[in-house]
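Subject: Structure handover

Hello,

Here is the structure we spoke about. My notes on it follow below.

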Amino acid sequence: MPRIDLEEFQKEIKLRTLRMEDYDQLVALQKECFPGMTPWKREQLASQLERFAQGQICIEVEGRLVASSSSLIVDFDMYTESRSWSEISDRGYLRNHNPDGDTLYGIEIMVSPDFRGMKLARRLYEARKQLVRELNLMRIVIGGRLPGYEAHQDKMDVREYVDKVVAKALYDPVLTVQLANGFTLKRIIRDYLGEDKASAGYATFLEWTNLDYNPTPSRRYQPSRPVRICCVQYQMRPVKDFAEFAQQCQYFVDAASDKKCDFALFPELFTTQLLSFIEAKRPEQAARKLAEFTPEYLELFSDLSLRYNINLVAGTTFVVEDDFLYNVAFLFKRDGEVCRQYKLHVTPNEASWWGVRPGTRIRVFDTDRGVISIQPGYDIEFPEVSRIAVDQGAQLVFVPFCTAERHDYLRVRYCAQARCIENHVYVAAAGTVGNLPHVDNMDIQYAQSAILTPSDHAFARDGIAGECAAEVETVQINDLDLEVLRRHRQQGTTRNWNDRRKDLYEVVAREGDPEPASVAEKALEG
């Protein structure tokens, strides 16, 4: 099998500010999302970009503009909740934008019907929230349409409709999404947008409060850099085909995304579940037959990462390249990039049963939530790998593992905890549980997946942010703070990284044989 070109599995999704050359696509999107309503004029978009380009955001998928949002900054006290859309938006020109205001006012958000279900609205709301944090604004305020009300206005008044949507008895395509993205309903606005027949002219007044707002910028506040991680403790069970395997994977990705996780970590070689329906006479033959599913695996997780707006460390799987068998971990970023890390240290078991060949390079990957390292199973038991990865900037280490018995698992667990202390990093480890009775070398599993921290006052007791119950299928979700990690390296009770005796020893990475790299990895190599 030739080397896999990851570029063909990458789907480019880009969040950026709008430009004038987007006008035709933007108008087409407005007509698609708001049929019967007047789209922006060219001079309105020009005025928006001239006055507050940062607040005009869009999302491209494979070069097509599929979602956008518009906003301006206002002084909250000057705008009562009953103001109409036309008054607040200056009829779409934003000439009332006030850079010295305290509130970001959202005037429009839209997602193409062809791309709904990909959580693009969440990406736009998160971009607005980040802008508010960066500009030190107090809040986001929006006047939200009620397009679902049209089908119910003959049966109930608008207040009853809104109450039912809040109680989840009814679904509104705008209000339901806004509530799911952390906005609080304040009141109902009458005569907000006259031409909005679907909403009968009504809108909801909603607010999101910036908890990082600093009312006295001259005072220094400690920043926070949160990251939410989900470890999937995956149960190995027979499946009848790839579709059944994909359904189980989607279930866990959906669960992690619903909790707004930034990363989901799957276990090492969890794809060997597919061997339950693959016919092969010998283990090494089975491993190579499993590698034939690599394109389907890449397509599946690339799609899940984009659709659920989450970075996926999708465990490891067997890959055949130039007739050699590798155990490879793949990272699927939510911006569409796909990266890989070859397992560097092959266990005697992997070598004797399957003929796995080791990788030759230690890589780190820059993500939207910090620089990460992926160290499958046995790799975490070699401290040099983490030293080199952290020296290259890694803050989070992901360890997909697969162990048969408790003593095997404890080698991974104890070494992962040690890497946290030695390098001032967080380590997330996820393993397989359950049984595959008729699959050679994968018949029994043991795991107690965990998210681990350094051991000091700033972190959870025992250096464990959270851990799964042993030997059950479940997930573990925890919030970590990269800023706490940075301060700990400088101010911790012990400062292992800074106190290394470089006059006595050093750890140096040597260049191994070339490995195939994705476009993203080549860019990281500079």
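Please keep in mind that this is a predicted model.

Another aromatic pair is formed by Phe318 and Trp354, with 5.0 Å from centre to centre and 70 degrees between the planes, which makes it edge-to-face. Phe318 belongs to strand β10 and Trp354 to helix α10 (residues 348–354), so this pair ties together parts that lie 36 residues apart in sequence. Both Phe318 and Trp354 are buried.

In total, the structure holds 26 aromatic pairs. Phe263 and Phe398 make up one of them: the ring centres are 5.0 Å apart and the planes stand at 45 degrees, so the pair counts as tilted. It links distant parts of the chain, as Phe263 is in strand β9 (residues 263–266) and Phe398 in strand β16 (residues 396–400), 135 residues apart.

Two arginines are placed over rings. The charged end of Arg95 sits over the ring of Tyr93, 4.6 Å from its centre. Arg357 lies over the face of Phe324, at 4.0 Å from the ring centre.

Last, the backbone. Asn136 is not a glycine, yet its phi is positive, near 55 degrees. Asn136 is in the loop between α4 (120–135) and β5 (139–145), and with a relative accessible area of 24% it is partly exposed. Asp322, also not a glycine, has a positive phi of about 55 degrees. Its place is the loop between β10 (311–321) and β11 (324–332). Asp322 is partly exposed, at 38% relative accessibility.

Regards

Methods
Residues numbered from 1 in each chain as written. Predicted model: local features only at pLDDT ≥ 70, side-chain atom pairs only at ≥ 80, totals over all residues. Heavy atoms only, no water. Helix = DSSP H or I, 4+ residues; strand = E, 2+ residues; numbered from the N terminus. Buried < 20%, exposed > 50% of the residue type's maximum accessible area, 1.4 Å probe, protein only. Phe/Tyr/Trp six-rings, centres within 6.5 Å; stacked < 30°, edge-to-face > 60°. Lys NZ or Arg CZ within 6 Å of the ring centre and 35° of its normal.
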